Structures are given as C-alpha cells and as structure tokens.
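Look at the sequence and the structure below before reading on. The report then takes up a few parts of them in turn.

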Amino acid sequence: MNKLLVTATISLALIALGGCTNKSVVRYGDATAVETTDINFGSTDLQTIAGQMTDSLLLSPVVGTLTANTRPILFVESIKNKTSEHIDTESITDSISTKLLRSGKFRFVDMARVAAVQEQLEFQQNSGMVDASKAVAFGQQVGAQYMLYGNLASIVKSNKDKSDVYYKFTLRLMDLKSGLVEWADETEIRKTKEKMFISW
Amino acid sequence: MSFIKNLPLLLLLLLSVFFISACKNVPPVTSGIGSEKLALEQKYSKHLQVHNKELASQLHISEIKSRKQNDLLQVNLSLTSTYKKSLQLQYQFQWFDKDGFVIEAGKSPWQSLELHGMQTQTVSSLAPTPNVATFSLYVRKVPEKYFKY
C-alpha cells in the first residue's frame, strides 16, 4: 500500500511538472487583428489613426471641391511626436499617404528622397555615362500645392490597479499658396489596462 | 472500510487527472455576425449571417446604410446591444469590385469598439478606392486566449 502511494505521488509530480512547462510556439498571426499585448502605441492604433484620418479627409466637402477636376499635389511635412513614448511617426504618415494615393484623389511629392533624386539627376547630367538626349533634365519637377502635417499627443495616468492612456492625433492640410488651413481633423484613442482577478 | 483506506489513492488519481488536463491552450472563439456582399443602397435584412448564436442574442445589426461620397462608397453600420453589460467588440469591412474580386485583401484592419449596455452605436467606413461595388462586414467579440484548467 505504502509503495503504491509513493509511486503514485512521484508519477503525479512528474505529470504536474511536465504538463505545465512553458513551451514557446511560433506561428503566423493576423496582421489586421486587434493587438492588445500591452498599453503602448501598437499596430491597431496605427491602423485606426491612418484609417480614420484618411476617411475623414476623403469625405470632407472641401476635399470634394479641391479634387473635383484635378488631383492636388501634397507633401507630408511630419507628425510631431509629443507623447512620452518613442513612436515611429513616419510609419503613420506613410500609411496615410499610401491610402490617399491609392484613393486616386491626390498626388504626392516625397521630400524624404530629394537628396537621392538630386544625386541621380547629377549622375545623369554630369557623369558622361548617360545619353545626353535621354537624360532627365533639372528643373522640371512639380512642386507641392498643399502640406499635410500634424501632432500626436498623449495623456498617461495610472494608479496601482489601473493604467490609462489617451492618444490624440491631429492632422491638418495647408494651402501653401495662401497659407490657409483647408482641412483639419483629430482622432482619439483610449486604452486601459486593469489588473484582472483570476476568474473561472 | 476498504473505501476509507483507499481514499488517499482515489484522491491522488483524481488529482492526476486534473493535472493532465491542466494548462491546455484552447483557441479563442472568433465567430460572430455579419453580412453577405451588399451593393450600394441594397436592403440588408435578408443578407445577414449569424455564426455565433451567443453573440447574436446580445447584439444585432440594426442598420446598414451606404452612399457615394466624393466618388467613394461610404458605409454606416449601426450596432444595437440587447445585453445589459458592456461588450468588447471588433468589426471589419471588406471591399469588392464589380466582378466580386476583393480589393486590398488582408489590409482592412479589425477595428475595436466598446458597446455599453443596451447602447446603439454607429460606425462608419470608407472604401479605399473608387472602383468598389460591393462590401461585406463582420462583427465579433474580441478574442481572448483561453486556458483550460
């Protein structure tokens, strides 16, 4: 009887140890899924902001007038990160400009690649390796008519049980000729993290 | 008498069964309610799909409206809660062209939405390109990882 008990206890301990080991598994997830790994700025926030801002801009009556017969040329200045986190705001502007471009309503000039373009044109004009009649000449590019710029701000609060973060993203469209802000909108995101008690 | 003698053994057996089933990772419930492909201004009531009866008893799609705005298809979706507690939901729109081909496959993100008890809330979405002819939508609860003990 005692022997049996000892054997059972040992086997039970082994099962208990083996059953609950931490096994890490790698798998592909859904890139469009709602992501709530932690409270910091994440992929869902980026997708929400980019989606809402693009929708709002494309739906506004002002943009309807601006894009009636022509496709205005935009450049994205930058999104100022005023939050306490490190956030790659270029990624937000990339998403917004890609969506706007794909809507077929706007055209963009990319100020982040000016140096590379200049280098290429200089190569075509001055290196002597490119057929002069086919080389792209300087001074033929088109300038932007509108500037897209904005801010990302956050308010973070927490106590011992709960943390709360509020993001506010503001985006504006300025007419470079007149200096008028033609369109502006803001979107808000609230995320909370609470300690959960074990529930069955 | 022999039963009492064997009681510790029986308990051990029960415990071991308990431990064998412990820490099992169960995939979350990701079914919900949604619509079939709907064209512009099409009546939606006959084209709704219920894949999750539990969610359908707590929530229903009260209105789907669509219109063309600045050449782009805009959709309004009204969700009504028939449940007294808050629901953590997410919704997704999908867009199709006139031949029924999906536009920007896998790029339409799930958007999260908190619906308070008995609340009706309307969300809106805009087609990404002007050549969208039909759309479909889906609503489900935010899936959480379940552990079975």
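Which residue in β8(B) does B:Trp95 stand opposite? B:Trp95 stands opposite B:Ile103.

## Confidence

This is a predicted model, with an ipTM of 0.75 and a pTM of 0.80. In chain B the pLDDT averages 86, and 85% of the residues score at least 70.

## Strand β7 and its partners

Strand β7 of chain B covers residues 87–96 and pairs antiparallel with strand β9 (residues 111–115) over five bridges. One pair here is B:Leu87 with B:Leu115. β7(B) is also antiparallel to β11(B), with eight bridges between them; B:Gln90 has B:Arg140 as its bridge partner in β11(B).

Strand β8 (residues 102–103) runs antiparallel to β7(B) and is joined to it by two bridges. β7(B) and β8(B) form a hairpin with five residues between them. In the turn, B:Gly100 has a positive phi of about 85 degrees.

## The loop at B:Pro143

B:Pro143 lies in the loop between β11 (134–141) and β12 (146–148) of chain B.

Leaving aside neighbours within four places in sequence, B:Pro143 is in contact with B:Pro28, B:Val29 and B:Thr30. The C-alpha atoms of B:Pro143 and B:Gln90 are 9.2 Å apart, although 53 residues separate them along the chain.

## A helix in chain A

Helix α2 of chain A (residues 43–59) has 17 residues and reaches 24 Å from its first C-alpha to its last, close to the expected 24 Å. Of the 17 residues of α2(A), 14 are buried, so the helix is largely enclosed by the rest of the structure.

Notes
Residues are numbered from 1 along each chain as its sequence is written. Chains are lettered from A and ligands numbered from 1 in the order in which they are written. This is a predicted model: local features need pLDDT of at least 70, side-chain atom pairs count only at pLDDT 80 or more; totals for chains, interfaces and linings use all residues. Helices (H or I, at least four residues) and strands (E, at least two) are DSSP runs, numbered from the N terminus. The expected span of a helix is 1.5 Å times one less than its number of residues. A residue is buried if 20 or more other C-beta atoms lie within 10 Å of its own, exposed if 12 or fewer, and partly exposed in between; C-beta atoms are placed from the backbone. Two residues are in contact if their C-beta atoms, placed from the backbone, lie within 7 Å. pLDDT is the predictor's confidence in each residue, from 0 to 100. Two strands pair if DSSP finds at least two bridges between them.
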